[in-house]
Amino acid sequence: MLLSKVFNPKAVNIDLQSEDKDEVFEELIEELVNATPSLDRTAALNAVQERESKMSTGIMPSIAVPHGKTDAVKEVCGAIGVSRAGIDYDALDGKPVHLIFMLLSSPENSELHLRVLKRLARILEKPKFYNALMEQTSPDAVYDLICKYETDLK
């Protein structure tokens, strides 16, 4: 189970307050720092912003997957955010984003980074996943749902 190791209920925010992309990056980096206090906040934020400057990661309707590579992390780690109101994200479809899956990895973990992105994409393609995740009312429930969907991939 790859995603169960990347995500952690301590880095899940089911009530994002951000209104735009830059705010949500900071808000989710804060979740990662809460889960991993040794994380260099500035390096992590810079990695995500640098990748985002190349092309929007708002790639699916209502979903964004910002990611970046930085020496600030040893393994792939992630944060999940849910915005009930929606976030102005400059998504490819021009619509607000409601689910954000942020990923960070070290430059040496490029292969694992890609495996995580592919695995997450497979779950995001499941028609019922989005609605099921939006119905969750706690970080633990979001994490458990991701684990359930990942188990179902096999």
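## Basis of the values

The model is predicted, and local features need pLDDT of at least 70, side-chain atom pairs count only at pLDDT 80 or more, and totals for chains, interfaces and linings use all residues. Residues are numbered from 1 along each chain as its sequence is written, and side-chain values use heavy atoms, with hydrogens and water left out.

## Helices H2 and H3

Helix H2 covers residues 21–35 and helix H3 covers residues 41–52; helices (H or I, at least four residues) and strands (E, at least two) are DSSP runs numbered from the N terminus. The two helices pack at an angle of about 140°, and their axes are 10 Å apart. Axes here are lines fitted to C-alpha atoms, for helices over the stretch in contact, and angles run from 0 to 180 degrees between N-to-C directions. H2 and H3 are therefore oblique to each other (under 35 degrees is roughly parallel, over 145 roughly antiparallel, 65 to 115 roughly perpendicular, and the rest oblique).

On the H2 side, the contact (heavy atoms within 4.5 Å) is made by Lys21, Asp22, Phe25, Glu26, Ile29, Glu30 and Val33. H3 contributes Arg41, Ala44, Leu45, Val48, Gln49 and Glu52.

## His67

His67 is found in strand E3, residues 67–69. Its relative accessibility is 13%, so His67 counts as buried (buried is under 20% relative accessible area, exposed over 50%, partly exposed in between, with a 1.4 Å probe and protein chains only).

The side chains of His67 and Arg51 are joined by a polar contact of 3.3 Å (a pair of N or O atoms within 3.5 Å; within protein, one must be able to donate a hydrogen and the other to accept it, and residues adjacent in sequence count only if both atoms are side-chain atoms). A polar atom of the His67 side chain also lies 2.8 Å from the backbone oxygen of Val65. Beyond four places in sequence, the residues in contact with His67 include Ala47, Val48, Leu103 and His113.

## Asn13

Asn13 belongs to strand E1, residues 12–13, and counts as buried because its relative accessibility is 12%. The C-alpha atoms of Asn13 and Val82 are separated by 6.3 Å, although the two are 69 residues apart along the chain. A polar atom of the Asn13 side chain lies 2.7 Å from the backbone nitrogen of Asp15.

## Tyr130

Tyr130 is in helix H5, residues 129–134. With 23% relative accessibility, Tyr130 counts as partly exposed. Not counting residues up to four places away in sequence, Tyr130 touches Ser62, Ile63, His98 and Leu99.
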